[in-house]
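Here is a friendly tour of a pocket and a ligand. Please keep the structure open while you read.

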Amino acid sequence: MTSPATFTVPRRARKLPVTLVTGFLGSGKTTLVNHILSNRDGVKAAVLVNELGEIGIDNDLIVAAESGMIELSNGCICCSTNNDLLDSIVRVLSRPDPVDHILVETTGVADPLPVAQTFQRPEFRDALRLDAIVAVADAEQFSLDLFDSPAVRSQLRHADAILVNKCDRVGEERLGSVEGKIRAVNAEARLLRTTRSAAPLPLILDVDLHRPASHDHGHHHAHLDEDGFVSLSFESDRPFSVARFQAFLDDRPPGLFRGKGFLWLAETGKRYVFHLVGSRFSLDEDPSAAGANRLVLIGRQLDTEELRQGLLRCRVDANGIAFARPRS
Ligand SMILES: Nc1nc2c(ncn2[C@@H]2O[C@H](COP(=O)(O)OP(=O)(O)OP(=O)(O)O)[C@@H](O)[C@H]2O)c(=O)[nH]1
């Protein structure tokens, strides 16, 4: 791949705006990206997605972007040394068919600041403009103590706009208290109450809200490992028993906060999009999906091998007959 140092940025009439979408695990970032892509009114957007886990799930959850979607490799793009992000930016800027906007969705545990700084590197200065860092907060699961993580606090602190999302799940009192906690971390961001991340696009896109933080020097960005988050990717070409999977969820460890993927259930023979966020999970029929089970689980202090064994025990054959216990 072309090194950004040697890359000649094509001349453009205006700088390409970049929107960075951040926010904790399961808050509604992919839902926001889909909302933007579905309502963008002719604006051609390139989407850069960074995910935890070896198997990409978001790639299949994001509505098709006809201008082409680029999936970043897995892991943590909040490391400024990560070349995947640089390569992806260069790829977008080199496209013969230029886009009008770049959307970047970071993982739910990434510190957005080093990602933002990547877009502000000197070699991109004439081509790109960081328009806004937009954070999504889950009003129902929100708790600064529960998510006691420097990276997660950084998501709120450095945001230019914050969606207080999942308003359908909470009452006015809870909303007021969450907004108060957010305000204590970031007094200036534009706060917007949303359901399904459906913010009015003129309030978050092409808004020129971003101002670089004034005290970035010496910033020690919070890294995934320091915060103890781990992920487990699981794939199987056998269906799950819904009863066994329910039992797996009932016994899940308290540190398991997020799950997402595609489940094939033996009882119905159908495939479902699965989401677990904190205490809630959902299964929605997915007629478009084909193939096997694909699942990513994310949390803190997880025994990933024990979780893997638990998932293996959920597998049954097409007649719903359980496989022998994988190993004790
Ligand atoms: N009830 C309700 N559910 C929502 C809302 N917004 C998103 N969800 C659901 O929350 C779950 C997580 O949403 P995503 O958009 O995948 O969250 P995310 O931030 O991209 O998740 P990660 O990428 O794993 O960090 C999904 O089941 C969504 O359908 C909302 O406003 N209300």
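The lining of the largest pocket is made up of seven nonpolar, 15 polar and 14 charged residues. Here Ala, Val, Leu, Ile, Met, Phe, Trp, Tyr, Cys and Pro count as nonpolar, Asp, Glu, Lys and Arg as charged, and the others, Gly among them, as polar. This is a predicted model, where local features need pLDDT of at least 70 and side-chain atom pairs count only at pLDDT 80 or more, while totals for chains, interfaces and linings use all residues. Residues are numbered from 1 along each chain as its sequence is written, and side-chain values use heavy atoms, leaving out hydrogens and water.

**Pocket**
- In total, 36 residues line the largest pocket, and G26, T31, K166, H275 and V277 lie nearest its centre.
- A pocket is an open set of points on a 1 Å grid over the protein atoms alone, where a 1.4 Å probe fits, with protein on both sides within 12 Å along at least five of seven lines; lining residues have an atom within 4 Å of a point.
- Domain 1 (16-221) and domain 2 (228-312) each give at least three residues to this lining, with bounds from an automatic or database domain assignment.

**Ligand**
- The ligand is surrounded by 22 residues, with K29, T30, T31, R196 and R258 the closest; a residue counts if one of its heavy atoms lies within 4 Å.
- A polar side-chain atom of K166 is 3.1 Å from a ligand oxygen atom, a polar contact being a pair of N or O atoms within 3.5 Å.

How values were computed. A polar contact is a pair of N or O atoms within 3.5 Å; within protein, one must be able to donate a hydrogen and the other to accept it, and residues adjacent in sequence count only if both atoms are side-chain atoms.
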